[in-house]
Structure formats: C-alpha cells, structure tokens
Amino acid sequence: MRLVDVDPDRSVPHLCQVLIPHRDEVHTQMKARGIGVGVHYPPHHLQPAFAQWTRDLPATEQVGREILTLPFHQQLTENDIDQVVTALGQAFKSVGAASCARS
C-alpha cells in the first residue's frame with residue numbers, strides 16, 4: 001500500500017487516497033465492516049464522454065485499478081481512525097498481506 005502524496009503548499013488535500021493491489025476486494029470488505037471508503041476520479045480516458053480520445057495509458061489505468069479513498073474529515077475521532085486502520089489490516093490479511101505490501 002502506498003499513500004497518494006499531495007503537496008499541501010500547492011493544493012488543498014481533501015481526500016486521503018492510497019494505492020492498493022486488489023483494491024476492489026479491499027473496498028468490498030471495508031464497506032462490509034461499515035467503513036466509508038470510496039473510489040474517486042477514475043481515469044478520464046476510460047469514461048464514455050472521452051471515448052473519441054481513448055488511447056492506452058497503462059500507468060494511469062494501473063493507478064485507476066488500485067486507488068482507494070479512505071475516510072478523511074475533521075469529525076474523525078481517534079477511535080474512528082483505529083477502526084479504519086483495523087479494518088484495513090483485516091482486509092489485507094483476507095486478500096493476502098503480501099499482495100498488498102508495496103513500497
């Protein structure tokens with residue numbers, strides 16, 4: 001898993017996104033545990049509105065398959081954060097921790 005880094009001097013971080021192999025399985029398991037995860041900003045070139053400009057963009061498509069948005073807002077308590085981290089760890093174990101470990 002890798003955190004999608006943002007430059008707070010040049011942007012306003014409003015999402016906490018990570019890159020996770022087997023994202024769909026992790027997403028499903030997190031939702032089943034009541035964690036409000038999401039998938040934001042799928043690759044534009046794969047959206048129907050951009051069909052006439054579609055081309056192969058393998059790096060973008062790979063990120064599009066791995067990006068997961070974690071809960072990130074000012075009302076999160078330490079307990080909420082612990083629940084997210086615990087559920088994420090359980091999901092990793094379920095899909096195979098080695099397959100989710102990336103540097």
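Reader: What makes β1, β2 and β3 an open sheet, and how are the strands paired?

Author: In this predicted model, the three strands lie in the order β1-β2-β3 with antiparallel pairing, where a strand is a DSSP run of E with at least two residues, numbered from the N terminus. β1 (2-3) and β3 (67-70) stand at the edges, each with a single partner strand, so one side of each has no neighbour in the sheet.

Reader: How do you know that β1 and β2 pair?

Author: Two strands pair if DSSP finds at least two bridges between them, and β1 and strand β2 (residues 16-19) have two bridges, in the antiparallel sense, so they count as paired. Leucine 3 stands opposite valine 18 in β2, and arginine 2 stands opposite leucine 19.

Reader: How many bridges join β2 and β3?

Author: β2 and β3 pair over four bridges, again in the antiparallel sense, and the bridge partner of glutamine 17 in β3 is threonine 69.

Reader: Why is glutamine 29 called buried?

Author: Buried means under 20% relative accessible area (1.4 Å probe, protein chains only), while exposed means over 50% and partly exposed lies in between; glutamine 29 has 18% relative accessibility, so glutamine 29 counts as buried. Glutamine 29 is found in helix α1 (residues 23-32), a helix being a DSSP run of H or I with at least four residues.

How values were computed. Residues numbered from 1 in each chain as written. Predicted model: local features only at pLDDT ≥ 70, side-chain atom pairs only at ≥ 80, totals over all residues. Heavy atoms only, no water.
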